[in-house]
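Visitor: I'd like to learn how to read a structure like this one. Could you walk me through it?

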Amino acid sequence: METLSENKAFGGVQGVYSHASTATGCDMIFGLFLPDEAAFGPVPILWYLSGLTCTHENAMVKAGAQGWAAEQGIALIFPDTSPRGDDVADDEAYDLGKGAGFYVNATEAPWAPHYRMWDYIAEDLPALVFEKFALDADRQAITGHSMGGHGALTLAMAHPDRFASVSAFAPICHPSASDWGRKQLGAYLGSDEVKWAKHDATLAMRAGRFNGPILIDTGTDDQFGDLLMTEALAEAAAAQRQEIQMRLQKGYDHSYFFVSTFMEDHITFHAEALYAR
């Protein structure tokens, strides 16, 4: 692991690091905010998964999360959204290839050699950060925005004992039925839609509820609202009697202005679940 930068922030340290990933077969970059409490022992961690076109940097700079995390004594980790490098397959479209890994393990050419973001987030990066930093592996939570909200929900539901809570900002809720999803799942995983199911939060919810609480915020003026299919997840959660808050925020769109507005709520929500463990 290489340290690219470390800056004092809110009494803690915002770092940026690179490492060779065994999951993606290339070098990856991630951001990690450690509150001051990490100097004295392991702290809880909140994973933040970003959306289409983003890198590790977008949320790290725009979400306004570090100050609220510092108040709660919680670490924040900002992974990248896809593999990177000259030999990594890409596409001219913004919603496929680099910046659009969709948090799946690709099985189809030309994506399969590097696009293994599910394993990267679930196994590879956790193994590294829990070895190198003062983080409490028994107290983890996860959140994300848009494509990252999709990733947060599906990873949490696949690892229900790992994450104390999950939240999402304008998540893609039913990708197997949306143009934001069918294209990418078909490209990465092939035409057999049975293989898509664990990467669809609505289908996962229909199969069984998450062990902990869920919080979802979506703006009523989200310009991508028809692609998110929020109502499908709401129906599935109601049928499962899932502990969930689904809030439609009047006048808000899909931007980081929306994300940063409700970031305090999400970190407070996760703090309650993390410290209850």
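**Reading the contacts and the core**

Guide: Contact here means heavy atoms within 4.5 Å. Before we go on, this is a predicted model, where local features need pLDDT of at least 70 and side-chain atom pairs count only at pLDDT 80 or more, while totals for chains, interfaces and linings use all residues. Residues are numbered from 1 along each chain as its sequence is written, and side-chain values use heavy atoms, with hydrogens and water left out.

Visitor: Where does Phe-169 lie? And is Phe-169 buried or exposed?

Guide: Helices (H or I, at least four residues) and strands (E, at least two) are DSSP runs, numbered from the N terminus. Phe-169 lies in strand E7, residues 163-169. As for burial, the cut-offs are under 20% relative accessible area for buried and over 50% for exposed, with partly exposed in between (1.4 Å probe, protein chains only). Phe-169 has a relative accessible area of 0%, so it is buried.

Visitor: How do I read a nonpolar core, and which residues touch the most other members of the largest one?

Guide: Think of a set of buried Ala, Val, Leu, Ile, Met, Phe, Trp, Tyr and Cys residues joined through side-chain atoms within 4.5 Å. The largest core here has 90 residues, and Phe-30, Ile-142 and Tyr-188 touch the most other members. Helix H9 (residues 256-276) supplies the largest share of this core, 9 residues. Ile-142 has contacts, beyond four places in sequence, that include Leu-46, Trp-47, Phe-163, Val-166 and His-270.

Visitor: What about the chain as a whole: how many helices and strands does it have?

Guide: There are 9 helices and 9 strands in the protein chain. Its radius of gyration is 17 Å, close to the 19 Å that the globule rule gives for 277 residues, so the chain is as compact as a globular protein of that length. That radius is taken over C-alpha atoms, and the rule is 2.2 Å times the number of residues to the power 0.38. Of the 277 residues, 59% count as buried. Among contacts between residues at least 6 apart in sequence, 73% join residues at least 24 apart.

Visitor: Where is Met-229?

Guide: Met-229 is in the loop between helix H7 (225-228) and helix H8 (230-240). Met-229 has a positive phi of about 55 degrees, although not a glycine, and is buried, with a relative accessible area of 17%.
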